[in-house]
Each structure stands twice: as structure tokens, then as C-alpha cells.
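Student: Please take a close look at one part of this model, its loops, and go through the residues there with care.

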Amino acid sequence: MSAENKLGASDNSEVVQVTTLEEVPSGPPLNVRAEPKSSTEISVTWDAPERDHWNGILLGYYVGYQMSLSPEDKEVNPTQGFSFKTVEVRSHFGGETVLTNLNKFTQYHIIVQAYTSQGSGPPSKEIAVQTLEDVPSSPPESPQCDVLSSTSIYITWSPPDIDGQNGKIKGYKVFYITIDELYETDPEVVKSTNQYVTIENLHKYTNYSVWVLAYTKIGDGAKTKAFYCRTHEDGKLRERE
């Protein structure tokens, strides 16, 4: 800058550079992607917001995640109920992280926010991803044995608690063995896609140990505690109600 009058123009002054103060980012991170790594882990990656929306130096990101909620809950506050993980900005200004200790076979909603020294910007659009299946961590419930005759028994049960199923139940396995053979040989096993099974051709007037488990495509789950039932004496028959 210079000044000028009737005597002439002055020399130019030194150039002064001024930087405006930082603000929070005005745009969300872009291209947020997520995929399950295991039954308890989800990998999340994203790109930085558009450069014109940084409004300062990007210091990092907040990655929010929560189990699926009803639409009414989300309308009140877009970030209500989210747990957040802080991730430092990377050299390419995007980011990546792995969310751990999640519930098995559960759908999560994920958002990402960039932040500067002044605070966090708007969240990215929610994306949904589900953790992978695992074996059931809970056993079938309410197992019961109904003795039908001297050579047959009828076993019933209910599915495992929903929080312990950890996947789609493909079926059940019912194990049974006589008390006398309990520690001498492997038990017999019967599969069923129902919640009941009739076991026949048993020894007469014999005490059996029975237990049940559910399985998913990943494998066998937790088994029930053993329960016991004795077949009837020969000649005694009971009709199942």
C-alpha cells in the first residue's frame, strides 16, 4: 500500500498477511464406509470433508455408533444415544478405525464428524452395518423330558434368549446317554429343526442324562444343564397329552 499527494507517491508499505480465525467444519466427512470384521468388530473408513468446508486445521474425527433405534428417537437429536470414538487425522486427511467390543449379530448405525480446535462439524449421513454371526452364547430354555413308554421319551425346549442367539438358529442337537455309560462312551445325538423330539429304542427302566444345544451356521452354542428321566418299566405306557 502507498500514499500519494502533490509531492508524489510514497514507498509501498510492507505486506501484512492476516489469517481469519478458525471455525468448526461446515461440511461432513465424505464416502463413509463400514464393513464387519467379526461378530464383535466393524471397520470404518472415510474421506475428509470438501476443502472449502474445513474452516481451519482438521485435528481429527469423532466416530459415533449405536445399536439400531426407532425413527422417533433419531428425530429428537441426530447424535442422541451414540457412543463416540476419537480418531486422529491421517496424512491424507481422511481416516479409518475399527470399532470393537460390539454386540454379536447386531445392526449398528454409524456417523463421522470432523473437528477443529473450535469444535466438531456436522455428522455424515448414517450408515447401517451388522456384525457377523457367532455361535449361541445362551442355551435353549425350559428343557423338559416326558417319559412315553419303557423305550421312548419326549424332549421339549424353548429357543435361547434372543440376546444370546448371536445369529439365525439353524437347529438343535439333543444329547442323551444312560447314567451308567456317562463317563465310558460318547452320548447319542439327535438333530431337530423343531423345539421337540421323540427319542425311541431306549433301554427299559433306565435313567438317562439329557442336554440340548442350539446351533447357527458358525457352530454349536452353549448347552443346557443335564436333566434326567427314567424310562418306564416294561408294560407301562403313557400317552403324551
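Tutor: Strands, like helices, are DSSP runs numbered from the N terminus, where a strand (E) has at least two residues and a helix (H or I) at least four. The model is a predicted one, in which local features need pLDDT of at least 70, side-chain atom pairs count only at pLDDT 80 or more, and totals for chains, interfaces and linings use all residues. Residues are numbered from 1 along each chain as its sequence is written, and side-chain values use heavy atoms, with hydrogens and water left out.

Let us begin with E184, which lies in the loop that runs between β13 (171-178) and β14 (188-192). With a relative accessible area of 67%, E184 is exposed (over 50%; buried is under 20% and partly exposed lies in between, with a 1.4 Å probe and protein chains only).

N101 belongs to another stretch, the loop between β7 (95-99) and β8, and N101 is likewise exposed, because its relative accessible area is 72%. Most residues other than glycine have a negative phi.

The loop between β15 (196-199) and β16 (207-215) holds Y205, a residue other than glycine whose phi is also positive, near 45°. Y205, however, is partly exposed, because its relative accessible area is 48%.
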